[in-house]
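Please examine the sequence and the structure shown below. The report that follows describes selected residues and their surroundings.

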Amino acid sequence: FASVINNAEESNAMQEAKNAYIDYLAATDVTNPQPMVYQSKNKFVALKDGQVGGIYSTKTEALAEIGFTEADGEYMFDTGNGLLGYYKPTAGATFASNTDTLTICEKFTEPVVTFEAWIKLPTTYPASGGTIFGSYTTSLGKLQNFEIGDIHPEVPDSYAKARLLQYLSTSNLTRQHIYLTGVDLNTDKWTHIAIVNDSANSKVHYYVNGVFFKSYTATITLITCDNAYRIGNNVTLDDKFRFKGQIHSIAVYSDVRTAQEISKDAISPGNDGLIARWDLSNVPPSGPTTVTDLSGNGYNASRS
């Protein structure tokens with residue numbers, strides 16, 4: 001790596017990049033640091049193998065120096081202090097039938113406030129999507145589903161969308177739901193999606209690939225579900241609710257995650273407020289399996 005320092009602005013950007021990189025490496029305690037890009041105003045510094053590289057006027061040029069293409073830019077996430085880190089899933093569990101469903105060992109003792117997942121939906125439309133993470137009870141008590149795709153034709157939107165759905169009671173089947181519209185997720189590419197129920201401010205926030213996408217005004221009640229959650233289905237008999245695609249990982253939190261936290265979570269999920277987290281990248285395609293809850297809280301998921 002080499003760079004010619006032409007002026008004070010570039011010199012400052014290089015020093016800032018070096019300091020931020022050192023702080024990042026110290027905080028993450030990594031032995032094989034990933035390539036990164038440091039952004040300072042309209043300057044971009046390439047960082048690789050623990051070294052500060054060249055400084056450029058475009059992110060594309062900085063990406064090229066660390067061996068990435070322009071298409072990789074959407075997988076660069078803000079990790080704080082101006083650093084953009086790279087993460088793109090290479091594998092995930094495929095969900096294609098009811099037997100692919102993973103069941104959490106027990107129900108949560110606190111409400112899910114923030115939901116995050118890496119998913120990959122085929123370009124085939126509308127035969128994709130479904131329930132990424134949901135609970136279900138035959139009595140329709142307190143349940144909650146995080147869904148994706150064209151599974152609710154009553155919504156006036158012509159392509160894939162995300163939805164948070166809740167049933168609150170058995171007496172009147174009170175239903176609360178909010179949809180994310182205006183983004184096509186049937187891309188056959190890995191996409192990080194996050195839904196945040198900011199009930200204190202009557203908002204539901206959506207993030208796509210670590211970037212804030214849209215907020216909706218809605219007062220969504222915080223609930224603790226009557227039954228345990230399931231991954232890839234809510235175990236109804238209706239095939240349209242079954243997830244059809246790939247899931248790399250899921251993380252759920254008890255707190256309102258900020259934009260900065262969600263961007264960092266896309267690379268390495270944080271532990272503060274974490275209820276449970278599952279990495280599905282090595283789940284076998286069939287047969288009994290157990291996926292360990294990486295939060296340490298014991299919410300393991302199993303397929304039997």
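Cysteine 105 has a relative accessible area of 46% and is therefore partly exposed; buried means under 20% relative accessible area, exposed over 50%, and partly exposed in between (1.4 Å probe, protein chains only). The model is predicted: local features need pLDDT of at least 70, side-chain atom pairs count only at pLDDT 80 or more, and totals for chains, interfaces and linings use all residues. Residues are numbered from 1 along each chain as its sequence is written, and side-chain values use heavy atoms, with hydrogens and water left out.

| Residue | Relative accessibility | Class |
|---|---|---|
| Cysteine 105 | 46% | partly exposed |
| Cysteine 225 | 5% | buried |
| Threonine 131 | 0% | buried |

The structure holds zero disulfides, a disulfide being a pair of cysteine sulfur atoms within 2.5 Å.

Threonine 131 belongs to strand 9; strands (E, at least two residues) are DSSP runs, numbered from the N terminus. Beyond its neighbours within four places in sequence, threonine 131 is in contact (heavy atoms within 4.5 Å) with residues including Asn145, Phe146, Gly232 and Phe243.

Aromatic pairs number 15. Rings of Phe, Tyr and Trp (its six-membered ring) pair if their centres lie within 6.5 Å; planes under 30 degrees apart count as stacked, over 60 as edge-to-face and the rest as tilted. Phenylalanine 133 and tyrosine 229 are stacked because their ring centres are 4.5 Å apart and their planes are at 10°. This pair joins strand 9 (residues 130-135) to strand 16 (residues 229-231), its members lying 96 residues apart. Both phenylalanine 133 and tyrosine 229 are buried.

Definitions and conventions: Helices (H or I, at least four residues) and strands (E, at least two) are DSSP runs, numbered from the N terminus.
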